[in-house]
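User: I have a chain to look at and some questions about how it is put together. Can we go through them one by one?

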Amino acid sequence: MKKIGIKVGALLLVSSMVLSSCIGSFALFNKYEEWQCSMTNNKYVNGIVGLILQPIVAPVCCVVDALVLNTIEFWTDQNPIAMNQQVMGADGRLYAVRSTKKGYKVTAPNGEVTQFIYNAKKNAWSVKKGDLSLELFQFNNDGTITVNLQNGETMTVGNNEAGMQQVQQAVAAQGFFAQR
C-alpha cells in the first residue's frame, strides 16, 4: 500500500509540472478546427470530413497542446503554433505577424518591420517603426480611450462604436485617409 501511495504521489508531482499550463491557447487544436471548417466551400462536405477526422485528429491535437505547446506557452509566454501568422494586407500582399511577449511584430514583404507594443503599466498601445515610436492609444480607468492623433492632438472617446466613429472622423478631417 505504501508503494502505491509513493507512485501516485510521484505521478501527481510530475503531472503538475508537465501539465502546469493546461489552460492555454490550444493553438494547434484551434488551427485544426479553423481548417476543418473552411477546407471547402461546402459546409456539408466539411461536416462529413470532420466526422471522419475528428475522432483521430482532435485528441492528438488536444494532447499535444496540453502536454507540449501550452507548457511551452506557460513558461516562455510564446506558443510556437500561435506565434506566426500570414495576414493579407489591404494592398493584397502577405504580411508576417508574430506574437511577442509585449505585442506583435509585423514584417512587410519588403522586409520592413513594424512593432505594436503593449505597455501594461500605462495600459497603452504604441507603434514602433525603425527609430520612430508613437503611442497610439491608452485605455483609461473610467472606460474611455485616449487616442493620440497624428497632428499631436489627443482626444478621449468612449470604448464603443460611437467612439471609433469619432476617431475615424477626426482622422479623416486631418486628411490622412486617401480618398477614392
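User: Which helix is included in what covers the buried residues of H2?

Analyst: Keep in mind that this is a predicted model. Helix H2 covers residues 27-38. Its buried residues are Ala 27, Phe 29, Tyr 32 and Gln 36. Their cover includes H3.

User: What span does H2 reach from its first C-alpha to its last?

Analyst: H2 has twelve residues. At 1.5 Å a residue, 16 Å is expected. The helix comes close to that, reaching 16 Å.

User: Is Ile 72 buried, partly exposed or exposed?

Analyst: Ile 72 is found in helix H3, residues 43-76. Its relative accessible area is 34%. Buried needs under 20%, and exposed needs over 50%. The value lies in between, so Ile 72 is partly exposed.

User: How much accessible area does the nonpolar patch with Ile 72 have together?

Analyst: The patch lies on the surface.

User: What share of the accessible surface of the chain belongs to carbon and sulfur atoms?

Analyst: The chain has 180 residues, and 21% of them count as buried. Its accessible surface comes to about 13000 Å². The share belonging to carbon and sulfur atoms is 62%.

How values were computed. Residues numbered from 1 in each chain as written. Predicted model: local features only at pLDDT ≥ 70, side-chain atom pairs only at ≥ 80, totals over all residues. Heavy atoms only, no water. Patch = residues over 30% accessible without salt bridge, like charges linked within 9 Å, V, L, I, M, F, W, Y side chains within 5 Å. Areas by Shrake-Rupley, 256 points an atom, 1.4 Å probe, with all protein chains shown as cover. Salt bridge = Lys/Arg side-chain N within 4 Å of Asp/Glu carboxyl O. Helix = DSSP H or I, 4+ residues; strand = E, 2+ residues; numbered from the N terminus. Buried < 20%, exposed > 50% of the residue type's maximum accessible area, 1.4 Å probe, protein only. Expected span 1.5 Å × (residues − 1). Contact = heavy atoms within 4.5 Å.
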